[in-house]
Amino acid sequence: CRAQPFGSVPVIQDGDYTLYESRAIIRYYSEKYKSQGTDLLGKTIEERGLVEQWLEVESQNFHPPIYNLTLHVMFASVLGFPADELLIRESEEKLGKVLDVYEERLSKSKYLAGDFFSLADLSHLPFTQYLVGPIGKEYMIRSRKHVSAWWDDISSRPSWKKVLQL
Amino acid sequence: MAAQEAEAAVPLKLHGAAMSACTARVLTCLHEKGLDFEFVPVDLFSGEHKLPPFLSISPFGLIPVLQDGDLTLFESRAITAYIAEKYKDTGSDLLLTRHEAGPAAAAAAVKVWTEVESQHFNPAIAPIVYQYFVASMQGGSPDQAAIDGHAEKLGKVLDVYEARLEKSKYLAGDSYSLADLHHVPYTYYLMKTPVAASVVGGRPRVKAWWEDISGRPAFLKVAQGMEFVAKEK
C-alpha cells in the first residue's frame, strides 16, 4: 500500500490547469463556482475582505500550533519518532490564545467573517476534527462557549459529514 | 497434526503502515521467514491509531501490531523476536540457533547487537530521519543543528560498528541475523539524506555491510512500500 503522508498534496487538475496549496485551491473553486451552492466568499467586497482576513488568521495563527500538535501527538510516536513534549505544551498554549480571540469574535458574530458561513470557517474543519478526536484535546473547544457552538454548527454541515465518510 | 493444521488455517495478521520504519522491520522479518500473513493498513490520517477500537489492541496507539490467533503483540522488536523464535527452524536463521559452532554464543551475540541497535543506534538515527522526512514538511526547513548533533552521535556509534565488522561479516557473527535486520528500515531512509555520504559512505565496512543487508530479497519487497515523501515542490 502506497502512502503519501505529507508533501505537496492536495493537488488538483482542472482540465490542463494544475493548482496546489489547499487554500489556493479552495479560493479557486469558490470563485469559479460562485453562482452555485453556498456562497463561500460573501456577497460584497467588504464581506470578501473579512473572509480573506480570517483565512489569513487561520493560516498564520491557528494552523502553525495545531499542525505541531498534529505532528507530535498524532504522528510522531506512531511512526517511531520522539515526540517533542515541550513543543506540544507550547503549541497548546499558543492555540489556546488563538481560540480566546475566536471566542471573543464569535460572541459578536455567528461565523468568523460575519453572519454567514464562509471559506474562513470551512478552512478550520480538518485540523479541528483532529483536535477533538485523535489528538484528544476536545476540552480546548468545549471550554469556550461560542467556539463550541460554532464548532458544532460547522462540523454538522452535510458537506463535512460527507468528507468524514470517505 | 490436527493442531498444526488448525494453527495453519488462521493466518498471521499484521496491522501497520507501509511507510513506517517499525512496520517495515516486522515485514522484513516475515519475508525472511517466508511466512504468509494478512496486512491490515492502519489509517494514520484519520487518526485511527488514536481511537478506541485500535487502542484495544495497542494501548499506546502504536504500530505495528501482530495478531497470531489469540495472541496480540505490539513493539516491533518484540514481534520480530517472537516470529524469529516461533519459526526458528524455517527460513533465515535469524537467531543463529542453527549455528554449527557454538549456537548458544551465537544466539547471545544476536541479543547483544539487537540491544545495541535499540539503545545506541536508534536514538541517534531516528531524529535525523525525523528532521529530513517529517519536520521539514509543509515548507519548514530541517533543523540543521539537531541533524549535526545527532549525525555526530551516529558517527560515534558507527565507529564501533566499523571496528566490529572488521572481525565478522555481520554484527552478531558471520551469518545474517535479527541484529542486522533491525537496522535496515531507518538506515534505508537515512541513505536518502545528505548525511548518508559521510556517516555511512565514509566507513567502508559499514558501507559494505549496508549494501549487503539492504540488497536481500526480503527487504527489497518491503522497500517498495516505503515512501516517506519529502516536500516535492
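How far apart in helix α2 of chain A are Glu52(A) and Arg48(A), in terms of helical turns? Because Glu52(A) and Arg48(A) are four residues apart in that helix, about one helical turn separates them. The legends below describe a predicted model.

**View 1. Salt bridge between Glu52(A) and Arg48(A) in helix α2 of chain A.** The closest N and O atoms of the pair are 3.2 Å apart. Glu52(A) counts as partly exposed, at 21% relative accessibility, and Arg48(A) also counts as partly exposed, at 26%. Both residues belong to a network of salt bridges that links Arg27(A), Glu31(A), Arg48(A), Glu52(A) and Glu56(A). Over all chains, the structure holds 24 salt bridges.

**View 2. Salt bridge between Lys32(A) and Asp14(A).** The closest N and O atoms here are 2.7 Å apart. Lys32(A) lies in helix α1 (residues 22-32) of chain A and Asp14(A) in strand β1 (residues 11-14) of chain A, so the pair links distant parts of the chain, 18 residues apart. Lys32(A) counts as partly exposed, with 41% relative accessibility.

**View 3. Salt bridge between Asp159(B) and Arg203(B).** The N to O distance is 2.9 Å. Asp159(B) sits in helix α6 (residues 144-167) of chain B, while Arg203(B) sits in the loop between α9 (196-199) and α10 (204-214) of chain B, so the pair ties together parts 44 residues apart in sequence. Asp159(B) counts as partly exposed at 43% relative accessibility, whereas Arg203(B) is buried, with a relative accessible area of 15%.

**View 4. The largest nonpolar core and Leu190(B).** This core has 114 residues. Residues with the most contacts inside it are Tyr102(A), Leu44(B), Ile83(B), Leu154(B), Tyr161(B) and Leu190(B). Helix α5 (residues 103-135) of chain B gives the largest share of the core, 15 residues. Beyond its neighbours within four places in sequence, Leu190(B) is in contact with residues including Ile125(B), Ile128(B), Val129(B) and Leu154(B).

**View 5. Tyr67(A) in helix α2 (residues 45-76) of chain A.** Tyr67(A) counts as buried because its relative accessibility is 10%, under the 20% cut-off. The C-alpha atoms of Tyr67(A) and Leu131(A) are separated by 9.8 Å, although the residues are 64 apart along the chain.

**View 6. Two spans annotated in UniProt.** The unreviewed entry for chain A places "domain: GST C-terminal" at residues 44-166. That span is 72% helix and 0% strand, with its end C-alpha atoms 34 Å apart. For chain B, UniProt (unreviewed entry) places "domain: GST N-terminal" at residues 10-91. The chain B span is 33% helix and 22% strand, and its end C-alpha atoms lie 20 Å apart.

Conventions: Residues are numbered from 1 along each chain as its sequence is written. Chains are lettered from A and ligands numbered from 1 in the order in which they are written. This is a predicted model: local features need pLDDT of at least 70, side-chain atom pairs count only at pLDDT 80 or more; totals for chains, interfaces and linings use all residues. Side-chain values use heavy atoms; hydrogens and water are left out. UniProt positions are given in the numbering used here, feature names are shortened, and annotations may be inferred rather than shown by experiment. Helices (H or I, at least four residues) and strands (E, at least two) are DSSP runs, numbered from the N terminus. A nonpolar core is a set of buried Ala, Val, Leu, Ile, Met, Phe, Trp, Tyr and Cys residues joined through side-chain atoms within 4.5 Å. Buried means under 20% relative accessible area, exposed over 50%, partly exposed in between (1.4 Å probe, protein chains only). Contact means heavy atoms within 4.5 Å. A salt bridge is a side-chain nitrogen of Lys or Arg within 4 Å of a carboxyl oxygen of Asp or Glu.
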